[in-house]
Amino acid sequence: PECPDTMVVSVPSPPLDDPTLSDPLECPPLRWGMLGCGRVSHDFTQALKHLPTQSVVACSARNLDSAKAFAEKHGIQNFCGSYAEMVRNPDIDIVYIGNVHAFRRETVEMCLLADKHVLVEKPFACTVADGEYLLSLAKERDRFIMEGMWT
């Protein structure tokens, strides 16, 4: 078969959450807090560095030394030795939850109650009941919540 004289080029439509963006790779500016300073949080922080509109403004770990080391490694100005302290930071828009999954419900709940959007590393929750509760709480507080699938 012969090739047509003209080629039809399909241009992807703008993201559904913001139809004013002309480039689907363009992201709205977000200020991130990293809850947990382990390997997965490191990987996600490295990935965020490739998006110019994203900034990591704080990190927290169960002890101050771990948070400080993570902050120094990634050039993060604010670090906390407690999750609750970081979540109270008004400069954070969204929290990446990368701590031990056994504590997901309480840490995600704490972030949502502080009016933070949340990206939860897998697994999202340890039980169906916990997952349903967290989704319900996010909806009630009009906060974005999502499980991280490929970080």
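1. Secondary structure. The protein has five helices and six strands. Helices are DSSP runs of H or I with at least four residues, strands runs of E with at least two, and both are numbered from the N terminus. From the N terminus on, the order is β-α-β-α-β-α-β-α-β-α-β.

2. Basis. This is a predicted model, in which local features need pLDDT of at least 70, side-chain atom pairs count only at pLDDT 80 or more, and totals for chains, interfaces and linings use all residues. Residues are numbered from 1 along each chain as its sequence is written, and side-chain values use heavy atoms, with hydrogens and water left out.

3. Burial and surface. Of the 151 residues in the protein, 35% are buried. Buried means under 20% relative accessible area, exposed over 50%, and partly exposed in between (1.4 Å probe, protein chains only). The protein exposes about 9500 Å². Carbon and sulfur atoms supply 57% of that area. Areas come from the Shrake-Rupley method with a 1.4 Å probe; for residues, only the protein chains shown count as cover.

4. Contacts along the chain. Take the contacts with a separation of 6 or more: residues 24 or more positions apart account for 60% of them. Contact means heavy atoms within 4.5 Å.

5. Helix α1. This helix spans residues 39-48, and S41, F44, T45 and L48 are buried in it. Seen down the axis of α1, the buried residues fall within an arc of 100 degrees, so they line one face of the helix. The arc is taken from the directions from the helix axis to the C-beta atoms. An α-helix has 3.6 residues a turn, so residues three or four places apart point the same way.

6. Strand β2 at S60. S60 lies in strand β2. S60 is buried, at a relative accessible area of 0%. Neighbours within four places in sequence aside, S60 contacts M34, L35, G36, C37, A67, C80, S82, Y83 and M86.

7. Salt bridges, overall. The whole structure holds six salt bridges. The criterion is a side-chain nitrogen of Lys or Arg within 4 Å of a carboxyl oxygen of Asp or Glu. R31, D91 and D93 are linked in a network of such bridges.

8. R39 and D43 form a salt bridge, at 3.0 Å from N to O. The two residues are four apart in helix α1, so about one helical turn separates them. R39 is exposed, at 59% relative accessibility. D43 is partly exposed, at 29%.

9. A bridge from α4 to α5. R105 pairs with D130, and their closest N and O atoms are 3.0 Å apart. The pair links distant parts of the chain, 25 residues apart: R105 sits in helix α4 (residues 104-113) and D130 in helix α5 (residues 128-140). R105 is partly exposed, at 32% relative accessibility. D130 is buried, with a relative accessible area of 17%.

10. A bridge between loops. D115 and R141 meet in a salt bridge of 3.1 Å, N to O. D115 lies in the loop between α4 and β5, and R141 in the loop between α5 and β6 (145-148), so the pair ties together parts 26 residues apart in sequence. D115 is partly exposed, with a relative accessible area of 40%. R141 is partly exposed too, at 27% relative accessibility.
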